[in-house]
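Please examine the sequence and the structure shown here before reading the briefing that follows.

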Amino acid sequence: MEIAKLDHVNIRTTQLDTMIEWYTTILGLKSGKRPEFPFGGAWMYAGDQALVHLVSIDGEPATGSEVPLKLEHFAFRANGCNDFEKHLQQQGIEYRKSALTAVNIVQINVWDPDGNHIHLDFSADE
(Lines give C-alpha, C1' and ligand atoms only; values in the text may rest on other atoms or scores of the structure.)
Protein backbone atom coordinates (compact mmCIF):
# COMPACT_ATOMS: atom_id res chain seq x y z
CA MET A 1 0.00 0.00 0.00
CA GLU A 2 1.11 3.56 -0.72
CA ILE A 3 -0.78 6.66 0.37
CA ALA A 4 -1.04 9.11 -2.51
CA LYS A 5 -2.85 12.17 -1.08
CA LEU A 6 -5.27 13.40 1.55
CA ASP A 7 -8.83 12.82 0.37
CA HIS A 8 -10.85 15.06 2.71
CA VAL A 9 -11.15 16.55 6.18
CA ASN A 10 -14.22 15.90 8.35
CA ILE A 11 -15.26 18.76 10.66
CA ARG A 12 -17.98 18.58 13.30
CA THR A 13 -19.79 21.88 13.82
CA THR A 14 -22.71 23.42 15.67
CA GLN A 15 -22.80 26.26 13.10
CA LEU A 16 -23.46 24.41 9.84
CA ASP A 17 -24.91 27.34 7.85
CA THR A 18 -22.18 29.72 9.06
CA MET A 19 -19.48 27.21 8.16
CA ILE A 20 -20.96 26.57 4.69
CA GLU A 21 -21.01 30.33 4.08
CA TRP A 22 -17.40 30.77 5.28
CA TYR A 23 -15.97 27.90 3.22
CA THR A 24 -17.88 29.24 0.19
CA THR A 25 -17.10 32.95 0.60
CA ILE A 26 -13.55 32.77 1.94
CA LEU A 27 -12.09 29.61 0.37
CA GLY A 28 -14.25 29.47 -2.74
CA LEU A 29 -15.51 25.92 -2.11
CA LYS A 30 -19.01 24.93 -3.24
CA SER A 31 -21.56 22.85 -1.36
CA GLY A 32 -22.39 19.77 -3.42
CA LYS A 33 -23.65 16.21 -3.61
CA ARG A 34 -23.60 14.28 -0.33
CA PRO A 35 -24.90 10.83 0.61
CA GLU A 36 -28.16 10.69 2.56
CA PHE A 37 -26.67 10.24 6.02
CA PRO A 38 -28.98 10.13 9.07
CA PHE A 39 -27.45 13.42 10.29
CA GLY A 40 -27.12 16.91 8.85
CA GLY A 41 -24.08 18.21 7.08
CA ALA A 42 -22.57 19.42 3.85
CA TRP A 43 -19.75 18.38 1.55
CA MET A 44 -17.67 21.30 0.31
CA TYR A 45 -16.09 20.85 -3.12
CA ALA A 46 -13.17 22.24 -5.09
CA GLY A 47 -14.00 21.16 -8.62
CA ASP A 48 -15.18 17.55 -8.40
CA GLN A 49 -13.37 16.76 -5.12
CA ALA A 50 -15.24 16.98 -1.81
CA LEU A 51 -12.38 18.33 0.32
CA VAL A 52 -14.24 19.33 3.48
CA HIS A 53 -17.04 17.26 5.02
CA LEU A 54 -19.06 19.29 7.52
CA VAL A 55 -21.13 17.35 10.07
CA SER A 56 -23.85 19.12 12.04
CA ILE A 57 -23.85 18.42 15.78
CA ASP A 58 -25.61 19.89 18.82
CA GLY A 59 -23.71 21.89 21.44
CA GLU A 60 -22.07 25.21 22.10
CA PRO A 61 -20.41 27.07 19.17
CA ALA A 62 -16.96 25.70 18.28
CA THR A 63 -17.64 22.35 20.00
CA GLY A 64 -15.00 19.97 18.67
CA SER A 65 -12.32 22.60 18.11
CA GLU A 66 -11.43 23.14 21.77
CA VAL A 67 -7.84 23.82 22.76
CA PRO A 68 -5.71 21.83 22.81
CA LEU A 69 -6.68 20.53 19.41
CA LYS A 70 -5.89 16.98 18.50
CA LEU A 71 -5.60 18.11 14.88
CA GLU A 72 -3.69 21.40 14.80
CA HIS A 73 -4.39 22.28 11.18
CA PHE A 74 -5.06 21.06 7.68
CA ALA A 75 -3.69 22.53 4.47
CA PHE A 76 -4.58 23.02 0.82
CA ARG A 77 -2.17 23.56 -2.06
CA ALA A 78 -3.44 26.57 -4.00
CA ASN A 79 -2.67 29.07 -6.75
CA GLY A 80 -3.20 32.83 -6.80
CA CYS A 81 -1.61 33.95 -3.54
CA ASN A 82 -1.84 37.71 -4.22
CA ASP A 83 -5.51 37.50 -5.26
CA PHE A 84 -6.34 35.38 -2.21
CA GLU A 85 -4.60 37.80 0.14
CA LYS A 86 -6.53 40.73 -1.38
CA HIS A 87 -9.77 38.74 -1.02
CA LEU A 88 -9.07 38.14 2.68
CA GLN A 89 -8.37 41.84 3.20
CA GLN A 90 -11.60 42.82 1.40
CA GLN A 91 -13.58 40.36 3.57
CA GLY A 92 -11.93 41.62 6.77
CA ILE A 93 -10.53 38.16 7.56
CA GLU A 94 -7.54 37.99 9.89
CA TYR A 95 -4.70 35.87 8.55
CA ARG A 96 -1.03 35.16 9.02
CA LYS A 97 1.38 34.97 6.08
CA SER A 98 4.77 33.29 6.23
CA ALA A 99 7.47 32.25 3.80
CA LEU A 100 9.05 28.81 4.04
CA THR A 101 12.07 29.47 1.85
CA ALA A 102 13.60 26.02 2.41
CA VAL A 103 10.65 24.43 0.56
CA ASN A 104 9.75 27.41 -1.69
CA ILE A 105 6.29 27.90 -0.20
CA VAL A 106 4.31 30.91 0.97
CA GLN A 107 1.65 29.99 3.52
CA ILE A 108 -1.45 31.94 4.36
CA ASN A 109 -3.03 30.79 7.64
CA VAL A 110 -6.73 31.39 8.36
CA TRP A 111 -9.21 30.18 10.96
CA ASP A 112 -12.82 29.23 10.20
CA PRO A 113 -15.75 30.37 12.39
CA ASP A 114 -15.25 27.36 14.70
CA GLY A 115 -11.55 28.16 15.15
CA ASN A 116 -10.16 25.39 12.93
CA HIS A 117 -6.72 26.33 11.60
CA ILE A 118 -6.30 26.03 7.83
CA HIS A 119 -3.33 27.02 5.79
CA LEU A 120 -3.09 27.46 2.07
CA ASP A 121 0.27 26.72 0.48
CA PHE A 122 1.32 28.68 -2.59
CA SER A 123 4.47 28.33 -4.65
CA ALA A 124 6.85 31.17 -3.79
CA ASP A 125 7.54 31.44 -7.55
CA GLU A 126 4.06 32.81 -8.32
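**Briefing on the predicted model**

Buried means under 20% relative accessible area, exposed over 50%, and partly exposed in between (1.4 Å probe, protein chains only). Helices (H or I, at least four residues) and strands (E, at least two) are DSSP runs, numbered from the N terminus. This is a predicted model in which local features need pLDDT of at least 70 and side-chain atom pairs count only at pLDDT 80 or more, while totals for chains, interfaces and linings use all residues. Residues are numbered from 1 along each chain as its sequence is written, and side-chain values use heavy atoms, with hydrogens and water left out.

**Overall architecture**

- The protein chain contains 2 helices and 8 strands, which follow the pattern β-α-β-β-β-β-α-β-β-β along the sequence.
- Of its 126 residues, 37% count as buried.
- Among contacts (heavy atoms within 4.5 Å) between residues at least 6 apart in sequence, 51% join residues at least 24 apart.

**Strand pairing**

- Strands β1 and β4 (residues 49–56) run parallel and are joined by 5 bridges; two strands pair if DSSP finds at least two bridges between them.
- Within this pairing, valine 9 stands opposite valine 52 in β4.
- An open sheet with mixed pairing is formed by 4 strands in the order β5-β8-β7-β6.
- At the edges of that sheet stand β5 (74–77) and β6 (96–100), each with a single partner strand, so one side of each is left without a neighbour in the sheet.
- From one strand to the next, the twist averages 25 degrees; axes are lines fitted to C-alpha atoms, for helices over the stretch in contact, and angles run from 0 to 180 degrees between N-to-C directions.
- Strands β7 (residues 105–111) and β8 (residues 117–123) pair in the antiparallel sense over 7 bridges, and valine 110 stands opposite isoleucine 118 in β8.
- Helix α2 (residues 81–91) lies across β6, β7 and β8 and runs at about 25 degrees to β7.

**Aromatic pairs**

- The whole structure holds 5 aromatic pairs, where rings of Phe, Tyr and Trp (its six-membered ring) pair if their centres lie within 6.5 Å, and planes under 30 degrees apart count as stacked, over 60 as edge-to-face and the rest as tilted.
- One of these is the stacked pair of phenylalanine 37 and phenylalanine 39, at 5.1 Å centre to centre with 5 degrees between the planes.
- Phenylalanine 37 also forms a tilted pair with tryptophan 43, at 6.3 Å centre to centre with 50 degrees between the planes.
- Phenylalanine 37 counts as partly exposed because its relative accessibility is 36%, phenylalanine 39 is partly exposed at 36%, and tryptophan 43 is buried at 18%.

**Loop residue**

- Asparagine 104 lies in the loop between β6 and β7 and has a positive phi of about 60 degrees although it is not a glycine.
- At 32% relative accessibility, asparagine 104 counts as partly exposed.

**Second largest pocket**

- The second largest pocket holds about 210 Å³ of space.
- Its lining comprises 13 residues, of which the closest to the centre are Leu27, Phe76, Arg77, Ala78 and Leu120.
- The elements that give two or more residues to this lining are β5 and β8.
- On a 1 Å grid over the protein atoms alone, a pocket is an open set of points where a 1.4 Å probe fits, with protein on both sides within 12 Å along at least five of seven lines, and lining residues have an atom within 4 Å of a point.
- Grid points are joined across faces, edges and corners, and a volume is the space filled by probe spheres set on the points.
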